[in-house]
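I opened my notebook for this one and went through it entry by entry. Here is what I looked up, in the order I looked.

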Amino acid sequence: MRIAVYPGSFDPITNGHLDIIKRGAKLFDKLYIALSENVSKQSLFTLEERMDLTREATADLKNVEVVVASHQLTVDFATAIQASVILRGLRAATDFEYEFTMAMTNSKLNAEIETVFLTADNEHMYLSSSMIKEIAKFSGDVTNFVPPCVATAIGAKFDD
Ligand code: ADP
């Protein structure tokens with residue numbers, strides 16, 4: 001059984017993440033989406049809100065499970081759930097250095113776990129959670145970029 005983990009902050013989940021998840025779900029028998037706090041980023045949604053939104057957006061994918069993996073190394077979490085692969089998405093060259101460093105570090109921490117990258121498709125190359133938050137903050141329309149549950153939730157956040 002091939003088990004993979006897709007870690008990230010998913011603040012919030014976008015159509016770009018969803019594309020990676022759908023493609024990853026075809027490559028692996030089981031795909032865990034592991035939500036964590038990104039210490040260098042201030043999050044808009046709480047961990048619980050991000051979990052609910054990610055679950056709703058992936059509800060139709062039978063071999064995908066959303067879990068919280070805060071306060072631990074991704075490689076340790078992967079070991080605990082018997083995952084042999086860490087899945088990540090690559091957009092433009094700007095992602096490369098950070099993702100490369102992370103993958104190298106994880107392989108030093110645990111050589112048994114491989115990082116596998118899927119390249120973003122054309123349609124989602126430019127999409128990021130930060131950009132979505134920026135658009136929503138100024139009452140822009142994000143419906144083409146995120147699942148419907150996120151569009152509703154982010155609208156409500158900035159209505160407060
Ligand atoms: P992190 O805070 O760990 O970077 P993110 O939630 O921002 O977590 O992203 C998780 C993963 O998804 C990262 O590998 C990131 O490069 C990838 N990703 C983010 N947006 C997209 C997108 N539009 N297309 C493909 N991959 C993406």
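**Entry 1: Thr54.** I found Thr54 in helix α2, which spans residues 47–57. I also checked a pair: Thr54 and Leu118 are 64 residues apart in sequence, and their C-alpha atoms are 19 Å apart in space. A reminder to myself that this is a predicted model.

**Entry 2: Lys30.** Next I went to strand β2, residues 30–35, where Lys30 sits. Lys30 counts as buried because its relative accessible area is 16%, and buried means under 20%. What does the side chain of Lys30 make a polar contact with? I found the side chain of Glu65 at the other end, at 2.7 Å.

**Entry 3: Arg88.** I then turned to strand β4, which holds Arg88. With a relative accessibility of 16%, Arg88 is buried as well. I looked up how far Arg88 is from Ala120: 32 residues in sequence, and 9.9 Å in space from C-alpha to C-alpha.

**Entry 4: the ligand shell.** Which residues come nearest to the ligand? Of the 18 residues around the ligand, I noted Tyr6, Ser9, Gly89, His124 and Leu127 as the nearest. Sorting the shell by class gave me 6 nonpolar, 7 polar and 5 charged residues.

**Entry 5: polar atoms at the ligand.** An oxygen atom of the ligand lies 2.9 Å from a backbone N or O atom of Phe10. For Arg91, a polar side-chain atom is 3.3 Å from a nitrogen atom of the ligand. For His124, a polar backbone atom is 2.9 Å from a nitrogen atom of the ligand. I then looked at the cover: on its own the ligand has 550 Å² of accessible area, and the protein covers 94% of that.

**Entry 6: the pocket.** Where does the ligand sit? I found that the ligand takes up the space of the largest pocket. The elements giving two or more residues to the shell around the ligand are β1 (3–8), α1 (15–27), β4 (85–90) and α4 (93–109).

**Entry 7: the loop between β1 and α1.** I returned to Phe10, which lies in the loop between β1 and α1. Phe10 is not a glycine, yet its phi is positive, at about 45°. Phe10 is also buried, with a relative accessible area of 2%. I looked at Pro12 next, found in the loop between β1 and α1. The peptide bond joining Asp11 and Pro12 is cis, with omega about 0°. Why did I write these down? Most residues other than glycine have a negative phi, and most peptide bonds are trans.

**Entry 8: Ser139.** My last stop was the loop between α5 (129–137) and α6 (148–159), which holds Ser139. Ser139 has a positive phi near 60°, again in a residue other than glycine. Is Ser139 buried or exposed? I marked Ser139 as exposed because its relative accessible area is 69%, and exposed means over 50%.

Key:
Residues numbered from 1 in each chain as written. Predicted model: local features only at pLDDT ≥ 70, side-chain atom pairs only at ≥ 80, totals over all residues. Heavy atoms only, no water. Near = heavy atom within 4 Å. Polar contact = N/O pair within 3.5 Å; in protein donor to acceptor, adjacent residues only side chain to side chain. Areas by Shrake-Rupley, 256 points an atom, 1.4 Å probe, with all protein chains shown as cover. 1 Å grid on protein atoms, 1.4 Å probe; cavity = no way out; pocket = protein on both sides within 12 Å on 5 of 7 lines; lining within 4 Å. Sits in = over half its atoms within 2 Å of the grid points. Helix = DSSP H or I, 4+ residues; strand = E, 2+ residues; numbered from the N terminus. Nonpolar A, V, L, I, M, F, W, Y, C, P; charged D, E, K, R; others polar. Buried < 20%, exposed > 50% of the residue type's maximum accessible area, 1.4 Å probe, protein only.
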